[in-house]
Amino acid sequence: MHDDRKLIEDRLARLLSERLKEAVHTPAVQLDLTVWHVDGGPGEPVSPQTALAQSYEPIAVGDLWGPAWGTSWFRLTAELPERAVGMDLECIFNIGFGEESPGFHAEGLVYLPDGTVVKGLNPRNQWIPVDDKTAPNGRFEVYVEAAANPMILGSDPFRPTLLGEKSTAGTRPLYRLSRADISHFDTELWELCQDLQTLGELSAELTAGDPRKFEVLRAIEASLDEIDLQDIRSTVGAARGALKEVLGRPAAASSHRLSAIGHAHIDSAWLWPLRETVRKVGRTSANVVNLMDSNPDFKFAMSQAQQLAWLKEHRPDVFARVKAHVASGQFIPVGGMWVESDTNMPGSEALARQFVHGKRFFLDEFGIETQEVWLPDSFGYSAALPQLVKLAASKWFLTQKISWNTVNKFPHHTFNWEGIDGSQVFTHFPPIDTYNSDLSGRELAHAVRNFQEKGQATRSLAPFGWGDGGGGPTREMLARAKRNKSLEGAPRVVMETPAEFFQGAQDEYKNPPVWSGELYLEFHRATYTSQAKNKQGNRRSEHLLYEAELWAATAAVRTGFAYPYEALDRIWKSVLLLQFHDILPGTSIAWVHRESVDTYAAVAEELNTIIDAAQRVLAGDPGTGTELVFNSAPHARAGIASRAAAPVPAAVVRSTVSADGAGWVLDNGTLRVRINANGLFTSVFDLANGREVLPAGRVGNLLQMHPDFPNMWDAWDVESFYRNTVVDLTGVDSIELDGTDGVRIRRSFGSSTVDQTVRLQVGSAQVDTELTVDWHETEKFLKLAFPLDIHADRSASEIQYGHIYRPTHSNTSWDAAKFEICAHRWVQVEDPGYGVAIANDSTYGHDIARSSSPDGGTSTTVRLSVLRAPRFPDPGTDQGTHTVRYSLVPGARVLDAVRSGYQINLPARVVAGSNTVEPLVAVDNDAVVVTAAKLADDGSGDVVVRFYESSGAKATATIAPGFGYAAVDETDLLERPIAANALVADAGSTVTVALRPFQIATLRFARTGSGA
C-alpha cells in the first residue's frame, strides 16, 4: 500500500478534474443569445427596467465583450429539451471566467424578464436554475447583467496599471463568451464527486503512518474501480456504495469542534469603485438566499450595515428575501458597525459612530442587537476598541488579520482583549487563518494543527465562502460541511451562528489569557501615510462634524435654530463609509480615491454652511462693527472659554524675528528658535524652563527622503530596510521673512518643491510650521525629523479616547516590529520632569527611535511620515500639492499635548456680531475632554454630551450644562440609559462625575420644555 498511495491520489485527481466533474453537466440545447452594451456614460450602471427595455443584437459563444468597467446585458433564451431520467436541467453561462480567484473577475447577475433577481454568476458558480420561474411553459428566458471588472490582480500582480481608473483603462474588450447551454445535471454523480473530493482531501492531511489514511485510500481505490468511464451514470451508485462505510465512521468525541458560518467578506471598495460594490452585494446576497431556500441548516453572517442599506435601496426584492431569512435565523447580521472600518486612523467620535449607525441600522431594520464585532480584515486594532465594544452593548470581537504578522506569531486564538481603560472583551482569532474558507480538508486540518488553545479549549470558528463578489458559499462547500459533520480523522464541522460559537467558547474557556493594549499588525504599516488627501479629508471632516453638532446644538438650545438632523446623519454615514479599511488607508484604485477627495470636499462645504449658519444666529447683529471669536476646542484659548465665543481680543505685539549673521532668530520671551542658512532649526531653547530641546550638533525640522520599494503590496507596506538609505533635504532656494513673526523657507528636490513657513507667536509655547509640498516623486518616502534632547524608552501616541505607550528601542522582536506607528493629533516623549510633543493636523504615520548623542548620552528622534509615492494600485498616488501643519511643543506633558492637538485641528473662527456666547456645557477639569455635544439622535431635543478622561489617571469633574434640564442619564453610545451610572451627584444644575483612566462617559440631559 505504501507504494500505491501517490498512485491512488494521482488517479483520483485526474478522474475528478477530467472526467467526473465534466460529466456532471451534459449539454442538451444551445442558448439563443442577444446583447445590449451599456454606453459607459455617467449613468452607468443602469436599472433593470432601463436595460430590459432596450433593443438587443445577436452575439455568439466565442465573441468578445466588455471593455474595462463596462456593462453588457445578455438575453438568454431556449426551448427546453426533455428531461433525462434522474437528471435536472441547469443553464450554464460562462461569460469568460478563467481560473482566477472569484471576486477579482467579471461577474454577472441574473434577472427574470420582469426584473426580479435570480442569482449571481461567478467563476465558481456559473449555473442558472431552470425551473418554473426561469422557464414557464417550457421556454427559458433570463437576462444577465454582466460587469467587465478588470483583473487588476491578474497574472502579474502588483505591477502599476492604468486599469484602476475608467478614463485610463482603455476600450479593448477583456472577456470572451465561452459557454451558453441548457444542460442535464446529474445530481447523483455530483454527490459522488463531493464524496471523493472530501475523502481525497482528508487522506492528504492524514499522516503517513495513520491507519485511517490507508483505509480511506483503499475505499477511494475501490470506488474508482467501480466506475465505467464509457458509462459513468450506470456505475455511480456502486461507486458511492464503496465509500459509504468509510464516510460513515464518526469523529472521535475529543475531535476539535469547528463552527462553520457562511460568509462573503466584501470590501466596500478596493480594486473596484463603490458603485461596483453595490452590485457585488446584490449578486452575493441573491446567491445566499437561494442556498438558504434549499438548505435550511445553512447559516450565513453578513457585516457592514452600509452594504445592507445599499441592498435595500438598489435590490429591494433581494433585501426582502434577506429580511425573511433574518427572521428565520439563517441570515445573521453581525459586526454592529457601518462598515468594516480601519481602526487605526478614525478619530474618537468617528469610531464610536461606526457602532452607533451600524447597530441602529440592524435594530431598525431587523430588530436585532448585534453582539459580535466583526473585523476580520482591518490593518491592526486600536486599544480603544474594547471599551467601545462594551459601550455599544456588544460583547465579542473577531479578527483574522493578525495571522498576517510577518515577524511574531500571535500567541492566542481565543483570549480576553483588554483596552486602555481596563475593559475586556472576549476575542477569537480563527486558526483556519482565512475569512474566505472553502472548508477544504487542507484548511480544516490547518485549523486543528494551528489552534493554540489545545488542552484548554476545543472550539474555533471558520467563516466560509468566496468573498469580494465571488458569490459567497457554494453548494460544494455545503456538501463538504455535511460530510465533515462527524468524520473520523477530521474536526467536527457544525453549522452554527457566531453567537452560538462565542457563547459556547466562552462557557468552555473560563479563564482565557489576557492581551493588553493594541493589536498591532506587523504588516501594512504604510497605510498610515498612503493617499494623504484621504487622511486630510478624514481628519478635517471629523472636526467639522464636531463643530457642526456643537454649534447647531448650541443655537438650537439658545435660539430655536433648526437642528439639521437629516443632514448630519447623512454626512456622518458618508464619512464613515470612507473609513472603510481599503479607502482611508489609501489602498484602493485611483477611481476610489478620486471619488473620496470629491466627497470630502462636498462634506466640508456642507458642514461649513451648517457651522456658519449656527454661528451667525448665535453672534447676533453683524452690523455692530464688532467681531466674535468662536473657540470650538475643548480647552480655553487666548482667554476664550471652551465651546464659547467672545469678542476678538485686543491686538497684541507680535514676536520678533531677526537676523544674527548665521541665520534667523525667533523669540517671543517663552521660546527662542534659531534657524540656520539652510532653513533648519539649530536651537529651540525653552526660556521658561531653561532647557535646550535639540541635542548638541543636531538640526530639527529636517526633511528626509528614502527610497520606498517594498517587496509587495506597494500602497500597503513599508519595509524596515527603507531606512538603510536616506538623503537629507538641506538645499535651499530661498529664505525670507513672512510677516512679522515668521520665516519662509523654499526648497526643491527631484521633481518637487516644498515651502515651510515657521511661526512663533507672542504668548505661545510652541513653534508652528505650515508645510506645503508640490509632490512629483515616485517610490519615495518623505519624512520630517525632529531630534530631541530627551532620553525616553517609550513614546506616547494619541489614539481614540486616550493614548498608548510604545517602545523607542528594539529590545525584542515585538519592539523592533513597531518601526512605523500610528498616532492621531500628537506624539510625545519625555524624560523625568520634561517632555516634548509634536502635534499635527492631518498625518498619522510616525517613527520614533533613540540614538547616541555626541556627548555620550542618548537622544530621541521623532519623525512624521509626510508623503509616499507607491505605484500600485494607484500609479498616481499623492501626485500634486499637499499642505500639512504641525507644532513643536517644548516642555509638554501629556495634557499639554492633548491641548495642542485639539487646537491645531480646531482653529478659531471669527464671526461678525456682538453676542457673547456661553458654553453649551462647561467642564472644570482640563483632563476631561468633551468629544461630542449634540442633540439626541431621536429628535427629542435632549442634549447628549460625551467626554473622556485624557491623561491616563483617575479624575473627578463637574459638568455644568448651560441650559435647564429635568433629568440626566448615563447612556451607552446609542444614547440609551445604562444601569451602571457614572454620576456621583446631580445637584440640579451641575453633575459631578468620577472617571477611571481613559473612561468614556455619555450623559443625556432631558431639557426642560424640550421637544421634537
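Is Arg-863 buried or exposed? Arg-863 counts as buried, at 8% relative accessibility. Here buried means under 20% relative accessible area, exposed means over 50%, and partly exposed is in between (1.4 Å probe, protein chains only).

This is a predicted model: local features need pLDDT of at least 70, side-chain atom pairs count only at pLDDT 80 or more, and totals for chains, interfaces and linings use all residues. Residues are numbered from 1 along each chain as its sequence is written, and side-chain values use heavy atoms, with hydrogens and water left out.

**Salt bridges overall**

- The search of the whole structure gives 72 salt bridges. Each one is a side-chain nitrogen of Lys or Arg within 4 Å of a carboxyl oxygen of Asp or Glu.
- Helices (H or I, at least four residues) and strands (E, at least two) are DSSP runs, numbered from the N terminus.

**Arg-863 and Asp-847**

- Arg-863 and Asp-847 form a side-chain salt bridge, with N to O at 3.1 Å.
- The pair links distant parts of the chain, 16 residues apart. Arg-863 sits in strand E43 (residues 858-868), and Asp-847 in strand E42 (residues 845-852).
- Asp-847 is buried too, with a relative accessible area of 10%.

**Arg-279 and Glu-145**

- A salt bridge joins the side chains of Arg-279 and Glu-145 (2.9 Å, N to O).
- Arg-279 belongs to helix H7 (residues 274-294) and Glu-145 to strand E10 (residues 139-147), so this pair ties together parts 134 residues apart in sequence.
- Both ends are buried: Arg-279 has 4% relative accessibility, and Glu-145 has 1%.

**Arg-483 and Glu-191**

- The side chains of Arg-483 and Glu-191 make a salt bridge of 2.6 Å, N to O.
- Arg-483 is in helix H13 (residues 475-483) and Glu-191 is in helix H3 (residues 187-205), so the contact ties together parts 292 residues apart in sequence.
- Arg-483 is buried, at 12% relative accessible area.

**Helix H3**

- H3 has 19 residues. Its span from first C-alpha to last is 28 Å, close to the 27 Å expected at 1.5 Å a residue. The expected span is 1.5 Å times one less than the number of residues.
- Most of H3 is covered, with 14 of its 19 residues buried.
- At the start of H3, a side-chain oxygen of Asp-186 comes within 3.3 Å of the backbone nitrogen of Glu-188.

Terms used:
A polar contact is a pair of N or O atoms within 3.5 Å; within protein, one must be able to donate a hydrogen and the other to accept it, and residues adjacent in sequence count only if both atoms are side-chain atoms.
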